[in-house]
Amino acid sequence: MTRVNHYPIEHDAERPPQTMSKPMDERKALGDIIDYYNRSSSAVVIQKDWKWVYLNGAALKLLGYYTLSEIEGKSIWETIDESQRTAVASRIHSLQNGINTGPSTQKWIKQDGSYVYVEVMGVPIANELGQTVALIEEKGCEEKLVEETLYHYKLITENMSEIVSLLDHEGSFLYVSPSYRDYSRDGIENEIGASSFKYVHPDDVARVKEVFAHLVKYKKPVSVKYRLLRIDGQYRWFDSRAISVQNEERYHYIVVSRDITKQKLAEKKLSVSEQKHRMIVEHSSDLICLLDLNGVIVYASPSYHSLLDYRPEDVVGKDILAHVHPDDCDLCMDVLTKLRNFREPVTVTYRKLHASGEVLTFEGKGMPVIGECGEVNRFVVISRDITEKIKIDQYKKNIEKLSVVGELAAGFAHEIRTPLTSIKGFLSLLSKDKDDKEKEFHRIINDELKKLEEVVNGFISLGKPEAINTFEVNLKMVMENAISDVQLAANKRNITVTNHVNKPIFTQCRSDQIKQVFINVLQNAIDAIEHDNGEILISITVTSENISITIEDNGKGIDHERIEYIGTPFYTNKEKGVGLGMTVSNKIISEHNGHIEIESEMDKGTCVTILLPNMIDREDVTRW
């Protein structure tokens, strides 16, 4: 048994079908066919290459022609409606392949331009001339078909929840579906001829009429949203879409209107919610960003500018890692991977780079955004600057260590101090009447005892809390005294100390304590310079709020990772240091409601800035 596969026939309606023909006298063969069909009472048509080659008398009469010459050689598409083109072309191909296509009702065009519905029966005979033959008969039940079609349309429109209407060029109803009954005051049957705009909200009427006028003028589909007054006095939101249709030489307009009140209310609630969330986001001090699956920022909150000095629009479109500290990039990439794979929020502490190059520490929480189908399509990252928090935590830890130191100091500081005083006294007596060599030994011993006494005093000052009684002090004089104490050590190292403070600067403080801070910082600067031509520069800047004392050296500098530990008790870079100098300095400045900032670069030097509140409001506030 041979299996026949039937596939859809692909064809080009403008290209004649290919046929197998043998050489012969085509005109003679056509004459034989014409003689046969002229005797037939049925309407017969013959085409070849999409052109009419023959219509018998019955066919000519059906289509309103008197002679064959009026139609012979013309395109069949002048006779067959364009809407039928694809179906007719397919049937012709089938007929040429010997396939019986069966009867088909088609819309044809008569000579006077009117339409006629005909039933077409193709003759499945593949003649050698490449022609196809069809019998046509006018449909006597055209009215029935139209009525059935209208009934089906009516059945659909009258059971739709949408309002379907047919309007004339003035916007008056020619037809409106029963779903309009909730808006009609006089009944659906009395709406015919009435304006379709009469129940539209007064604020929307002008806009609706403008859209309708555009439809009438340009005949292109339009849509408009507006409010319509219901019988119960409530306005409902509608979305109407309209098209123009031509009936003979007149245009009518079909409008389908859908109630979108629930959608509008939902949009309004969403808009209010969005506004609230946007206000929160835009006024939040946290960094908030939205990332795509590749980690590219698609939204950045305004806080990027206040925290990192980057404009949000400059951040959008860049990789999230663009401003992350290089050492933390792998950590952040792992977070994105976890968000994508496990779909659970992830918290991470990482560092970002400020536009100035400053490193800030953030605590970030990343959350995946799940789509409607359960897929991860975005990431939200909210990051809080915890740089100051870390400093405060470190300060608290230092305070706890200081408390321990204080407890230890209270136990033995006085015990050490007493014998130290005795040793210094007896050493002074033993130094009398000694030769120069022995006196030098005694001097060295005395110097070492002084250093030991300084360490003990440091412990005691750390351990005992005391109230700060401040006085008006000239910082210029305090600085000069501190320089005088370290000048000898600087001269031994060939270090130049340049003091740019040349005018009195007054503030409220404890001069002895501030002097101790200056000495500690200056001594550290001297110790950090390990080359010739060392230099220390001192300056003070005064504003209405702060007094900034800057001590800058050109020493070996401090590694960036070590800066955060400076001030921690017993942490030092010096071989013989105890690690209490900057700890004591931090304590003193903190008690004066100030703080110390350190900037350093390896092999270039260190800049220590001591910030004190300006407790005296003077008119001559300038930079010295």
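**Figure 1. Helix H3 and the second largest cavity.** Helix H3 contributes 4 residues to the lining of the second largest cavity, the largest share. The model is a predicted one, in which local features need pLDDT of at least 70 and side-chain atom pairs count only at pLDDT 80 or more, whereas totals for chains, interfaces and linings use all residues. Residues are numbered from 1 along each chain as its sequence is written, and side-chain values use heavy atoms, with hydrogens and water left out. Helices (H or I, at least four residues) and strands (E, at least two) are DSSP runs, numbered from the N terminus. A cavity is a set of points, on a 1 Å grid over the protein atoms alone, where a 1.4 Å probe fits but cannot get out, and its lining residues have an atom within 4 Å of a point. The second largest cavity holds about 190 Å³ of space. It has 18 lining residues, and those closest to its centre are Val88, Ile92, Val120, Thr132 and Ala134. Two or more lining residues come from each of strand E1 (43-48), H3, strand E3 (103-109), strand E4 (115-123) and strand E5 (132-138). Sorted by class, this lining consists of 12 nonpolar, 5 polar and 1 charged residues. In this classification Ala, Val, Leu, Ile, Met, Phe, Trp, Tyr, Cys and Pro count as nonpolar, Asp, Glu, Lys and Arg as charged, and the others, Gly among them, as polar.

**Figure 2. The largest cavity of the structure.** Rolling a probe the size of a water molecule over the atoms shows where empty space is left. A volume is the space filled by probe spheres set on the grid points, which are joined across faces, edges and corners. Of the 21 residues lining the largest cavity, Ser196, Tyr226, Ser240, Val255 and Ser257 lie nearest its centre. At least two lining residues are supplied by each of strand E6 (163-167), strand E7 (173-176), helix H5 (202-218), strand E8 (222-229), strand E9 (235-247) and strand E10 (250-259). The lining comprises 17 nonpolar and 4 polar residues, with no charged ones.

**Figure 3. Met121 in strand E4.** Met121 lies in strand E4 and is partly exposed, at 34% relative accessibility. Buried means under 20% relative accessible area, exposed over 50%, and partly exposed in between (1.4 Å probe, protein chains only). Leaving aside residues up to four places away in sequence, Met121 touches Gly102, Pro103, Val133, Ala134 and Leu135; such a contact requires heavy atoms within 4.5 Å. Met121 and Val133 are 12 residues apart along the chain, and their C-alpha atoms are separated by 8.8 Å.

**Figure 4. Thr79 in a loop between two helices.** Thr79 belongs to the loop that runs between helix H2 (57-63) and helix H3 (85-96). Its relative accessible area is 1%, so Thr79 is buried. Apart from residues up to four places away in sequence, Thr79 touches Trp52, Leu63, Ile71, Trp108 and Ile109.

**Figure 5. Positive phi at two loop residues.** Trp50, in the loop between E1 and strand E2 (51-55), has a positive phi of about 65° although it is not a glycine. This residue is buried, with a relative accessible area of 4%. Lys219, in the loop between H5 and E8, likewise has a positive phi, near 60°, and is a residue other than glycine. Lys219 is partly exposed, at 29% relative accessibility.

**Figure 6. The packing of helices H13 and H15.** Two packed helices are described by the angle between their axes and the distance between the axes. Helix H13 (residues 511-528) and helix H15 (residues 581-591) pack at about 145°, and their axes are 9 Å apart. Axes are lines fitted to C-alpha atoms, for helices over the stretch in contact, and angles run from 0 to 180 degrees between N-to-C directions. The H13 and H15 crossing is left-handed, a term for a near helix turned anticlockwise from the far one by less than a right angle. From H13, Gln513, Ile514, Gln516, Val517, Asn520, Val521 and Asn524 meet Gly581, Met582, Ser585, Ile588, Ile589 and Glu591 of H15. This contact has 6 nonpolar, 6 polar and 1 charged residues. Buried residues of H15 are Met582, Thr583, Val584, Ser585, Lys587, Ile588 and Ile589. Just after H15, Asn593 adopts a positive phi of about 60°.

How values were computed:
On a 1 Å grid over the protein atoms alone, a cavity is a set of points where a 1.4 Å probe fits but cannot get out, and a pocket is an open set with protein on both sides within 12 Å along at least five of seven lines; lining residues have an atom within 4 Å of a point.
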